[in-house]
Amino acid sequence: MESAIDKHLQCPRTLSRRVHDDYQPPFPMFVGRANDDLTQVVMAYLGVQFHEENRESAVRAMQHIVSTFSLSNGPGNHDISFHTDNQGYGNFIVVGYWREPAAYCRWVRQPEIENWWSSDERLVDGVGYFREIIAPRAEQFETLYAFKDDLPGVGAVMDNISSEIQEHGYWGSVRDRIPASQNDWMQPDNELRIISGDPEAGGRVVVQGHDNITLIRSGQDWMEAEEPERQLYFTEMLPPLQAGMDFLRDEGQSLGCYSNRFVRNVDINGNLLDIAYDIGFWRSLDRLERWAESHPTHLRIFTTFFRVVTGLQKLRLYHEVSVSDARFQTFEYINCHPMTGMLRDAQR
């Protein structure tokens, strides 16, 4: 059995793990592995927000964003999702992953992208846009998979998959899988601040983040699942999951959850696929842990997962959690409603 922290990222600990060295997890799980030349990744969440009457315009905008990924230095992996937020707006989110920040910088600075984003046409074309981009260093993110092939998300730009790992199946295991946890509490150092624009007035708004904002992406894929597993997902797993995600979306602010979106993957035309995941931005890993360990909405999710996980065959479950430095974060919004993403909690 391996440690979730790869050998080249291990260092002498000044902070202890939550479990003893002889801990045996209750079932097998795996993590993505990357060679030591992967030192930092980019996770770019590129959104299009719209009222239903502007759906066609939003689909075209989403398709345009996806088309720019074919330019030089595009991402190594991407997917598209959709959700309706609690203000009634539809949101397409195109998510791209880059293995090298330098490649992302070359991509985003190309005139076809830079000029499109900065054009005054974005202010008048009837939809909203946002860019929520983080770039965690290799020691600042972890992954966890119940399967070993065709890894989604950041796993697709990594190099391999581990054997069975030890650090899972207990409270605090997410932290123990993040290499930085060996000597860093990963605490936030500031507050969200609006540095330009006015969310109430619309137009362009830029939010400054802070160190150790935590992002969790937690997914379920039932595309290849047989009918019994599909029924298991829809009747037993999805109800507590949906309730927990809705709670964080609507009431998570007091717990330190900046934004929570439970999204469904879609194809290039906006048609729903049999894949879903949660996108949750938190003030800190500590705040996320407190909810996970103590709140009834997550305890119902967790106990359901433990009850069914050993019997899963083709229902694929995974997550990835990261923290990031403020200097490697971008939060920009164009004509988005003031409850979007980081806008809600940013200090004016």
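So, salt bridges between the two domains: the count is 4. Keep in mind that we're looking at a predicted model here.

Which elements of domain 1 supply at least two residues each to the side that touches domain 2? That would be β10 (213–221), α5 (227–251), β11 (257–266), β12 (272–282) and β13 (316–324). The one that gives the most is β11, with 7 residues.

Okay, let me back up and say what I mean by the domains. The assignment for the protein chain puts 7–32, 140–188 and 211–324 in domain 1. Domain 2 gets 42–136, 191–210 and 328–334. The contact draws on 36 residues from domain 1 and 30 residues from domain 2. As for spacing, the C-alpha centres of the two domains are 24 Å apart.

Next up, strand β2, residues 42–50. How many of its residues are buried? The count is 9 of 9. If you look along β2, V42, A44, L46, V48 and F50 point one way, while M43, Y45, G47 and Q49 point the other way, and all of them are buried. So what does β2 pair with? One partner is β4, residues 90–98, joined to β2 by 9 bridges and running antiparallel to it. For a landmark in that pairing, find L46, which stands opposite V94 in β4. There's also β5, residues 128–134, again antiparallel, with 7 bridges to β2. The landmark there is G47, facing F130 in β5.

Let's hop over to an arginine I like, R175, in helix α4 (residues 173–177). Is R175 buried or exposed? Its relative accessible area is 11%, and the cut-off for buried is under 20%, so R175 counts as buried. What does the R175 side chain reach? There's a polar contact of 2.7 Å between the side chains of R175 and E289. Leaving out residues up to four places away in sequence, R175 touches S181, W185, M186, L285, D286 and E289.

Most residues other than glycine have a negative phi. Against that, have a look at N73, which isn't a glycine and has a positive phi of about 65 degrees. You'll find N73 in the loop between α1 (55–68) and β3 (77–84). N73 is partly exposed, because its relative accessibility is 27%.

The other asparagine to check is N212, where phi is positive too, near 70 degrees. N212 sits in the loop between β9 (202–208) and β10. Why does N212 count as buried? Because its relative accessibility is 9%, and the cut-off is under 20%.

That's my tour, so over to you for comments.

Conventions:
Residues are numbered from 1 along each chain as its sequence is written. This is a predicted model: local features need pLDDT of at least 70, side-chain atom pairs count only at pLDDT 80 or more; totals for chains, interfaces and linings use all residues. Side-chain values use heavy atoms; hydrogens and water are left out. Buried means under 20% relative accessible area, exposed over 50%, partly exposed in between (1.4 Å probe, protein chains only). Helices (H or I, at least four residues) and strands (E, at least two) are DSSP runs, numbered from the N terminus. Two strands pair if DSSP finds at least two bridges between them. Domain bounds come from an automatic or database domain assignment. Contact means heavy atoms within 4.5 Å. A salt bridge is a side-chain nitrogen of Lys or Arg within 4 Å of a carboxyl oxygen of Asp or Glu. A polar contact is a pair of N or O atoms within 3.5 Å; within protein, one must be able to donate a hydrogen and the other to accept it, and residues adjacent in sequence count only if both atoms are side-chain atoms.
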